[in-house]
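Hello,

Here is the structure we talked about. Please open it first, then read my notes below.

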Amino acid sequence: MPYTKKKPRPSIDYDIAPFWEGVNEHRFLLCHCRECDEWYWPMAFCQKCEPGPFGENMHWDEASGRGNVFVFNVHHIAFLPAFEDDLPYVFAMIELEEGPMFGTNIIGCEPGEIEIGAPVEIVFEDYEDGVTLPKARLVR
Amino acid sequence: MKRAAIVGMGLITGPQPGRTVRRLEAEAARLAIKDAGLKRSQINGAIQLRRSGGGGERPVLTDAYPRVLGLPVNFYYTVGRGGCLAGLGVAHALAYLDLGIADYVVLTGGVDDFSRSRLSKAQGARGMVHMPKEGYWGKPFGDLRAPSHHSFFAARHMHEFGTTSEQLGEIAVAQRRWANLNPRAKFYDREMTVEDHQNSPFVVEPYRLFDVCQVSDGAVSVVLTSEDRAKDGPKTPVWVMGVGFGEAMAHLWWEKRNYSELAVEPAKRQAFGQAGIELDDIDTAQLYDCFTGEVLFQLEDYGWAEKGEGGTFVQEKGIGPGGAIAVNTSGGLLSAYHLGDLTGLSEAVLQLRGEAGQRQVDNCRVSLVTGHGGEVLSPGMCSIHSTLLLGTE
């Protein structure tokens, strides 16, 4: 199997499907306990309240989409040819305002402009194959 | 619980093109059984130690080394989580020996990552893409292999404590100096300086090429038995003194503790408690070293250095030949061979038997072997930690 320029797409199962349905509508959802107002990503039974059966008392509710850079790296090589044209690209952990961490690319700037702690917001990128990805952009 | 010991070992290193993992495992097990002075007919139980990596699962291996080799076992199955194999396998073996279900248990793990990565490189990819990365975390964002997220360890350590790339380079150089004493090591003939490390290209910044472990072909097998039989064999028994485990997911991963420490504390407490020893009793430390950053973290988390001072420790005290603590005396995953934590297990056995040649640590009586691996999610980087203590008494 030769490796192509086709990018890998999200692996979606029942637990994460509501998140990606939100992304397709350009809505950034997190897993929310409405009883104690704790937020999670990805799906979790509430760790503070008595969990309901199957954790089905949790809700995928719209979140702020705002956060700060907790840590980031700069990819200088592409493990797959599909990412060669993106080099150098940044993969980062975003500490969201609601608490959870979310990993994504920081786009729209040079890697040298990014600092740990910098404020970012989630933006949505639509691709030709119908996939939408939530990415992060520096708030200037 | 009855005491148990490793009484035989087989070690296969170097490129093994054209050989399946199961064939490598069968051969390693054959060597281990022979080394223990046993016959195949005496082996009652077999466990496969299977490594997975980068958040992916090794494709299911049909067929199995005990069938290929011809071992009349009552049980066979697979354990392993990421590169954490030795501690899990030994804990299982101890239970079977203690219950009297088995007289001799063989633990074996092989990899063909070098040969397979050469094939995928010829097809345009880099690294261990032959181990498909599944899971719903970072794949579409180019979080493709271990350096894509493990580099966060180093990035955070640099941010919080001012650790430098040169200090990480000291770790790579120290292990290279050990590898220069190990004829089996991939980089036996190639010396490295901190300047070489600094001149090596960024892979995933802040990690340079020489911060990243290699991939290898090879296999390790060990035979364990209980105390009553251990002294019958031709080789010095290597006693299991203690084993313990820790797990990063014991804490909510967005507490972010896993960016500044590994789950060493419970694993160390359990294993050192069983053994009744202190850190100063360790003669060699075989610390899981998929990247230089993991070594730095463990030097701090085990207590050789204060948290945040691992960089200064490697510069001023040293972990190479003649250093304050002998770390990864084979050269480790970085410079010798990457057989998961079985690299460390095999090296501990050689050191405790006094069979480590030029790199032999004088009067080596206790060796620490750590295991590490298995992403819950990418940010739960290598969430399991295992501590295995082996000794001559």
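Across the interface of chain B and chain A there are 15 residue pairs in polar contact, both residues at pLDDT 80 or more. A polar contact is a pair of N or O atoms within 3.5 Å; within protein, one must be able to donate a hydrogen and the other to accept it, and residues adjacent in sequence count only if both atoms are side-chain atoms.

The model is predicted: local features need pLDDT of at least 70, side-chain atom pairs count only at pLDDT 80 or more, and totals for chains, interfaces and linings use all residues. Residues are numbered from 1 along each chain as its sequence is written, chains are lettered from A and ligands numbered from 1 in the order written, and side-chain values use heavy atoms, without hydrogens and water.

On chain B, helix 5 (146–161) and strand 5 (202–205) each supply at least two residues of the side that touches chain A. Helices (H or I, at least four residues) and strands (E, at least two) are DSSP runs, numbered from the N terminus. Helix 5 of chain B gives the most to this side, with eight residues.

How many residues are in contact (heavy atoms within 4.5 Å)? The count is 38 in chain B and 44 in chain A.

There is one salt bridge between the chains. It joins the side chains of B:Lys256 and A:Glu95, at 3.0 Å, N to O. The rule asks for a side-chain nitrogen of Lys or Arg within 4 Å of a carboxyl oxygen of Asp or Glu.

Best wishes

Definitions and conventions: Contact means heavy atoms within 4.5 Å.
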